[in-house]
Amino acid sequence: MKVDYEALTKTIASLTGGETDTVALMATVACEVHHADDRFDWTGFYRVTEPDVLKIGPYQGGHGCLVIPFSRGVCGAAARTGEVQLVRDVDAFPDHIACANSTRSELVLPVWNRAGDLIGVFDLDSNQPDAFDEKDAQALARILRMAFTAAE
């Protein structure tokens with residue numbers, strides 16, 4: 001099953017429209033995205049809880065790392081730079097944090113609120129190498145903007 005981003009966007013819009021609670025939004029987005037595509041083994045958020053620290057938020061899949069500093073790993077790089085991290089082979093990423101040994105590729109997107117503050121990162125892991133592409137990154141970035149910049 002390959003994700004239909006147009007249908008996914010409409011579903012998430014209908015479920016999150018008018019919601020202002022960030023954790024509720026994260027839980028809903030993580031669930032809907034996770035179940036939209038077989039490539040997605042772990043789908044969830046790491047929240048900015050203090051300066052330069054991410055803590056696990058709502059997610060779908062096996063366990064995740066509880067705390068990730070901005071200085072480490074793919075999620076930390078996305079938070080530190082504010083840029084999407086599209087990692088086709090996690091073993092080739094310097095300082096990759098292996099929360100699950102099955103992860104082969106990863107896509108991490110920064111998440112901003114309406115005020116322009118970084119509130120977390122959205123992390124997708126796959127047990128398939130080279131599972132994600134620019135189309136995934138662009139479509140998910142649109143979904144995140146829709147869900148989180150309208151909330152508040």
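The sulfur of Cys-31 lies 19 Å from the closest cysteine sulfur, that of Cys-75, which is too far for a bond. A disulfide is a covalent bond between the sulfur atoms of two cysteines. The criterion applied here is a pair of cysteine sulfur atoms within 2.5 Å. A search of the whole structure finds zero disulfides. Cys-31 is partly exposed at 26% relative accessibility, whereas Cys-75 is buried at 3%. Buried means under 20% relative accessible area, exposed means over 50%, and partly exposed lies in between (1.4 Å probe, protein chains only).

The model is predicted: local features need pLDDT of at least 70, side-chain atom pairs count only at pLDDT 80 or more, and totals for chains, interfaces and linings use all residues. Residues are numbered from 1 along each chain as its sequence is written, and side-chain values use heavy atoms, with hydrogens and water left out.

Six strands form an open sheet in the order β3-β2-β1-β6-β5-β4, with antiparallel pairing. The edge strands are β3 (67-69) and β4 (85-87), each of which pairs on one side only. The twist averages 25° from one strand to the next. Strands (E, at least two residues) and helices (H or I, at least four) are DSSP runs, numbered from the N terminus. Two strands pair if DSSP finds at least two bridges between them. β4 and β5 (residues 105-112) are joined in the antiparallel sense by three bridges. Val-87 stands opposite Glu-106 in β5.

Two helices pack on this sheet. Helix α3 (residues 73-81) touches β1, β2 (53-60), β3, β4, β5 and β6. Helix α4 touches β1, β4, β5 and β6. Contact means heavy atoms within 4.5 Å. The direction of α3 makes about 30° with that of β5. For α4, the angle with β5 is also about 30°. Axes are lines fitted to C-alpha atoms, for helices over the stretch in contact, and angles run from 0 to 180 degrees between N-to-C directions.

The count of salt bridges comes to four. A salt bridge is a side-chain nitrogen of Lys or Arg within 4 Å of a carboxyl oxygen of Asp or Glu. Arg-39 bridges to Asp-37, with the closest N and O atoms 2.8 Å apart. Both of these residues, Arg-39 and Asp-37, are buried. Arg-39 also meets Asp-136 at 2.9 Å, N to O. This pair links distant parts of the chain: Arg-39 is in the loop between α2 and β1, and Asp-136 is in helix α4, 97 residues apart. Asp-136 is buried, as is Arg-39.

A further salt bridge joins Asp-130 and Arg-88 at 2.7 Å between the closest N and O atoms. Asp-130 lies in the loop between β6 and α4 and Arg-88 in the loop between β4 and β5, so the pair ties together parts 42 residues apart in sequence. Asp-130 is partly exposed at 44% relative accessibility. Arg-88 is partly exposed at 42%. Through shared partners, salt bridges join Asp-37, Arg-39 and Asp-136 into one network.

Aromatic pairs number five. Rings of Phe, Tyr and Trp (its six-membered ring) pair if their centres lie within 6.5 Å; planes under 30 degrees apart count as stacked, over 60 as edge-to-face and the rest as tilted. Phe-40 and Phe-132 are stacked, at 5.9 Å centre to centre and 25° between the planes. Phe-40 lies in the loop between α2 (22-34) and β1 (42-50) and Phe-132 in the loop between β6 (118-126) and α4 (134-149), so the pair ties together parts 92 residues apart in sequence. Phe-40 is buried at 3% relative accessibility, and Phe-132 is buried at 2%. Trp-42, Tyr-46 and Tyr-59 form one aromatic cluster.
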